[in-house]
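Subject: Structure handover

Hello,

Here is the structure I promised, with the sequence. Please open it first and then read my notes below.

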Amino acid sequence: MRYRNVTLFLVLAAAWGSAFMAIKAGLAPDYFGPAPVLFAAVRYDVAGVLMLGYAAYATDHPRPVGLREWAAVTVGAVLLIAGYHAFLFIGETDPAVTSAGAAVIVSLSPVMTTVFARAIIPDERLTAVGVVGLLLGLVGVVLLARPDPGNLLAGGVVAKSFVFCAVLCFSFGSVLTRWLDAGLPIETMEAYAMVGGALLMHGISLAIGESPAVAVDALTGAGSLGAIAAVGYLSLVASAAGFLIYFDLLDRLGPIEINLVSYVAPVFAAAAGFAFLGEVVDLLTAVGFLVILVGFALVKRREIRQELPALRRAVTRSRSD
């Protein structure tokens, strides 16, 4: 179908970009604000069950077997789901971390994934240009954080550092799962990682003193519609539907092109944050995003160069349809 891939790509960017706004909305003080890790756990309680059902339907390998496959699931549960989302949701509790700001920091993920890959996998090493790209990405994060040496607690620096820790968890976890090369279908991997990550976040939530009653109050109390909408949107749209689109596009576009969704998502995060929460994107956030984008182009320049012929052929085919 004409423009199918482009349409799905934009839908995915919109779903994942607006998810930052939904997280922010769900973290309102009268919703899940007092228990951000519990909020993340509830999101993946729902999404994990849905993905288990989809994995059973879509693959002939719906359950991990063997040490290597369970190791991959464990890495996914600990780093890709629990570590990433616990840090992200805690970071977004700070009013200084806007939806767009969080999305821009997360857009550093492809850069850090490449860095970890080239540090861990012997065949891949960062060149001098790649190091410059990495440094530019980190400069972009610093522009967003705007640390005050005299008061590092000001301006949401700690909260933005939590979001950056989320990026590190996701990037490192992505490389470890690639290194394990378990051969597990990605649908099964995601499903079991989501369920395991949700259970782990419930444990973390209890360990840091969050009360399960927060979830009950948020989802059943007066004015609970907003909390239900946030959980439903994150579980059904951003997680379940989003990953289904991701799986489809991964097969059609490949990992390099699908990585670009990280650089379109902040646009939708900014638009959703403005439309629903009244958030305004300032100049330094926009500059930080552009710096991170340039860093991505430098770090991934070889892969992008290799993909250009395929991109040109895809454009030619779409014009002739």
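C169 is buried, at a relative accessible area of 13%. Buried means under 20% relative accessible area, exposed means over 50%, and partly exposed is in between (1.4 Å probe, protein chains only). C165 counts as partly exposed, with 28% relative accessibility.

This is a predicted model: local features need pLDDT of at least 70, side-chain atom pairs count only at pLDDT 80 or more, and totals for chains, interfaces and linings use all residues. Residues are numbered from 1 along each chain as its sequence is written, and side-chain values use heavy atoms, with hydrogens and water left out.

Back to the cysteines. How many disulfides does a search of the whole structure find? The search returns zero. A disulfide here is a pair of cysteine sulfur atoms within 2.5 Å. C165 is in no disulfide, and its nearest cysteine sulfur, that of C169, is 6.9 Å away.

**Overall build**

The protein has 14 helices and zero strands. Helices (H or I, at least four residues) and strands (E, at least two) are DSSP runs, numbered from the N terminus. Of the 321 residues, 49% count as buried. The protein exposes about 14,700 Å². Carbon and sulfur atoms supply 69% of that area. Accessible areas come from the Shrake-Rupley method with a 1.4 Å probe; for residues, only the protein chains shown count as cover.

Of the contacts in the protein with a separation of 6 or more, 87% join residues 24 or more positions apart. Contact means heavy atoms within 4.5 Å.

**The nonpolar cores**

The largest nonpolar core has 67 residues. A nonpolar core is a set of buried Ala, Val, Leu, Ile, Met, Phe, Trp, Tyr and Cys residues joined through side-chain atoms within 4.5 Å. Which residues have the most contacts inside the largest core? They are F20, F32, F39, L88, M201 and L234. Another core lies apart from it, with eleven residues, among them A72, L180, A182 and M189.

Look at L88 in helix 3 (residues 66-91). L88 counts as buried, at 2% relative accessibility. Not counting residues up to four places away in sequence, L88 touches F20, I23, A102, V106, V163 and A166. L88 and K160 are 72 residues apart in sequence, yet their C-alpha atoms are 8.8 Å apart in space.

V142 lies in helix 6 (residues 128-145). V142 is partly exposed, with a relative accessible area of 47%.

**S99 and M21**

Next, a contact between two buried residues. S99 lies in helix 4 (residues 99-106). Its relative accessible area is 0%, so S99 is buried. Leaving aside neighbours within four places in sequence, S99 is in contact with F20, M21, K24, E92, A269, G273, L277 and E279.

M21 lies in helix 1 (residues 4-26). M21 is buried too, with a relative accessible area of 11%. With neighbours within four places again left aside, M21 is in contact with S99, A272, G273, F276 and L277. M21 and L277 are 256 residues apart along the chain. Their C-alpha atoms are separated by 7.7 Å.

**On the surface**

V46, L50, L236 and V237 make a nonpolar surface patch of about 280 Å². Patches are made of residues with over 30% relative accessible area and no salt bridge: like charges are joined within 9 Å, nonpolar side chains (Val, Leu, Ile, Met, Phe, Trp, Tyr) within 5 Å. A salt bridge is a side-chain nitrogen of Lys or Arg within 4 Å of a carboxyl oxygen of Asp or Glu. Helix 2 (36-58) and helix 10 (225-253) are the elements that give two or more residues to the patch. L236 is found in helix 10. L236 is partly exposed, with a relative accessible area of 47%.

D181 lies in the loop between helix 7 (157-180) and helix 8 (186-207). Phi of D181 is near 45°, a positive value in a residue other than glycine. Is D181 buried or exposed? D181 is exposed, with a relative accessible area of 59%.

Best wishes
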